[in-house]
Structure formats: structure tokens, C-alpha cells
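Here is a short report for a reader who is new to this structure. Please look at the sequence and the model first.

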Amino acid sequence: MRTLIIGGSVFLGRAITEEALRRGHEVTTFNRGRSGEDLPGVEAVRGDRESPEDLARLAHGREWDAVVDVCGFVPRVVGDSVRALNGKAATYAFVSSISACSLWPAKGPTDEDSPRFECAPDAGPDDGDYGTLKAGCERAVEQGFDGHSLIVEPGLILGPHENVGRLPWWLTRMARGGKVLAPGDPGVEMQIIDARDLAAFTLSQAEAGTQDRFFAAGVRDGLTYGGFLEECRAATGSSAELVWIDDRFLLDHGVQPWTELPLWAPGIPELAGVWLPSSARAVAAGLTCRPVAETVRDTWAWLRDVPEERRSFGTERMRHGIDPGKEAEILAAWERRA
């Protein structure tokens, strides 16, 4: 196949590019060349998707079997890409987010038939938050592309080269050792998806010319938060001691859910459905998910060669990890309470 990947050099985009090359695709990537390095074997086209001239230059004289858009955040911008590439590919695969579902994360279970946020396909960057705009991006593809439109809505994505910083932060913290603040209930069941499994599923659907929408939030396979943190400790070979502290104590001490202690979803109404999305349709269509232990081990194998001062624990939009001083204060307060 001839595949165009909009993005293609960072985390999920990199995983999709690697998988496409592994399958023997002729791969073109389109990005600004600022966030990551191009993988050997791709045709790298430099450009800004917000520039009509750059989009026209990308489309001129080229055709593909599929476009995989992994970095669309503003409906108006995605719509411009769709129009520029109309007639240049048979399938437009847009990697969206489960955040486009208006019920998530407060309610559940959720699936592909759950309602999406109201957002126009030509909305601008100030017309909503992340999830709202993702819903508008989906409509820009579904309403604007004349070929097959494929919408993939991932849940929590982890894996090697993660730039969001959730798993890298936990691995870094475990490797540091000592008493580690472990939040909430260790028995809470989680769902994660490895970027490599998401890449394989997305490309398989694009190869088949699928026109559909899929939740890709991993599967409920017995993974618990406690099990996840134990895998992080085991992968790093750390002698860290996990100190489990209940939700209410952490909330009362001003700890921010999900970010300060990555993936911590306390038992509050706003997060009641965070681990309840259903990937049943994707599984029926061929999605497979590797064990979290493999994801954690492979991520540490990559991360341990990255100097700590160069590790990414978030993006401009969201940072992850609790300040060491704050962690120590809470641990001391918990011990005094006990």
C-alpha cells in the first residue's frame, strides 16, 4: 500500500509509521520536522497542515491508498487537509480520542453509539475544549471526505516513545526508589492500549478500506492499578516500597487526579466511567492487545537510555507527576495519621 501519515514521527505516529514500513507500505510522512526525527525509509515531506500552499504541494503529483491522520486537533484545520487530499486516497483514517464522547469519563459503559460532543466541522481552536474539538474533527472527515472515512477513538495509550509522560513518570519514580505514594484502591481495574497494537489495528482497517468507527480503549483482562504499578517496579528492578493512600486523603491534601499521580482516577462522579469504555466492536474486527507487562518492559528498555533531564513528562497542554516535596509531605502526614 501507499500510505500517507500526517504526523508520523512522535509516539503513536511513530508507531504507525514503523508498522506501515514493517508491512512493506510505501510511506509518506507530512510534518513540520520539529517534534521528532523521520524514520529511515519514508518519503518525508516538510510542511505545515495549516498552510494551504504546503497542503497543495503535498498533494501535487502524489496519490495514496490511505491517509492516516494522527495529529488533528482543530476541525477547521482537519477539514482543510480533507479537502486538499480528496481524490488523492481511497481511505482517510482519523485517529481521534475517546474524549470526543460526551459521556466519558463521568458515565459508562460507553461505546461507538454513545453521544459525541456537539461541534461544527469547521470549528476553530477557541470553539471548545480538547474532546469537543475532536468530535468536530471527526465530522470534518466523515462529512468532507468522498472516499472511505475511518474513525478510531483510542482510550489510554502507553508504550515506547511515549511523549505524554504517564508511564515514563511512573517508571522514573519507581527507579528512584524509596517510599512511593501509591494512590487510591490497588484493586481498581484498568484498560490500556499499547501504541503498537493501536497502530496495527488502524492500519489493518485502512488496508481493508473499512468505513466505520471504533473505540480502541484496550480490553478488561484483569489488569488492576496495583498490578500496573507492580509491573513498573518489576521492570525497573527497583526496591521501592508502595504506600497505598486512600482517595479522600489525597483529595483533601490537594492532589490532582490523573495528572499529579498519573492514571489515578479516584472514586468521584466526574471519573466514574473512566475505565468503562467497550472495545468490543474493535476486538470483533481484529484488535488484539498485548499484556501490560510487555508494554511496561519495552517502555523501560527505551526510557532507561534517555537521560532523566531529557525525559518528557507531559505536553504544553498537560504535565504529569507530583513534586517530590509534596509527595514526601503527604507520605509523612499519612504515617502520622496511621
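## Terms and source

Buried means under 20% relative accessible area, exposed means over 50%, and partly exposed lies in between (1.4 Å probe, protein chains only). Helices (H or I, at least four residues) and strands (E, at least two) are DSSP runs, numbered from the N terminus.

This is a predicted model: local features need pLDDT of at least 70, side-chain atom pairs count only at pLDDT 80 or more, and totals for chains, interfaces and linings use all residues. Residues are numbered from 1 along each chain as its sequence is written, and side-chain values use heavy atoms, with hydrogens and water left out.

## Helix H7

Helix H7 covers residues 225-236, which makes 12 residues. From first C-alpha to last, H7 reaches 17 Å, close to the 16 Å expected at 1.5 Å a residue. That expected span is 1.5 Å times one less than the number of residues. Glycine 237 follows H7, and its phi is positive, near 70 degrees.

Which residues of H7 are buried? They are Tyr225, Gly226, Phe228, Leu229, Cys232 and Thr236. These residues cover an arc of only 165 degrees around the axis, so they sit on the same side of H7. The arc is taken from the directions that run from the helix axis to the C-beta atoms. The buried residues of H7 pack against strand S7 (157-158), helix H5 (166-176), strand S8 (179-183), strand S11 (241-245) and helix H10 (292-303). Contact here means heavy atoms within 4.5 Å.

## Tryptophan 170

Tryptophan 170 lies in helix H5. With 0% relative accessibility, tryptophan 170 counts as buried. Leaving out residues up to four places away in sequence, tryptophan 170 touches Val180, Leu181, Pro183, Tyr225, Phe228, Leu229, Cys232, Leu261 and Pro262. Tryptophan 170 and histidine 320 are 150 residues apart in sequence, yet 9.6 Å apart in space, C-alpha to C-alpha.

## Aromatic pairs

Rings of Phe, Tyr and Trp (its six-membered ring) pair if their centres lie within 6.5 Å; planes under 30 degrees apart count as stacked, over 60 as edge-to-face and the rest as tilted. By this rule there are 8 aromatic pairs. Tyrosine 225 and tryptophan 244 form an edge-to-face pair, at 6.3 Å centre to centre and 70 degrees between the planes. This pair links distant parts of the chain, with tyrosine 225 in helix H7 and tryptophan 244 in strand S11, 19 residues apart. Tyrosine 225 is buried at 4% relative accessible area. Tryptophan 244 is partly exposed at 24%.

The rings of tryptophan 258 and tryptophan 275 have centres 5.5 Å apart and planes at 45 degrees, so this pair is tilted. Both tryptophan 258 and tryptophan 275 lie in the loop between helix H8 (247-252) and helix H9 (280-284), so the pair ties together parts 17 residues apart in sequence. Tryptophan 258 is buried at 15% relative accessible area, and tryptophan 275 is buried at 9%. Ring pairs also link Tyr225, Phe228 and Trp244 into a cluster.

## The sheet

An open sheet of 7 strands runs in the order S3-S2-S1-S4-S5-S6-S10, with parallel pairing. Strand S3 (43-46) and strand S10 (212-216) stand at the edges with a single partner strand each, so one side of each has no neighbour in the sheet. The twist averages 15 degrees from one strand to the next.

Two strands pair if DSSP finds at least two bridges between them. Strand S5 (residues 91-95) and strand S6 (residues 148-154) run parallel and are joined by 5 bridges. Phenylalanine 94 stands opposite isoleucine 151 in S6.

Notes: Axes are lines fitted to C-alpha atoms, for helices over the stretch in contact, and angles run from 0 to 180 degrees between N-to-C directions.
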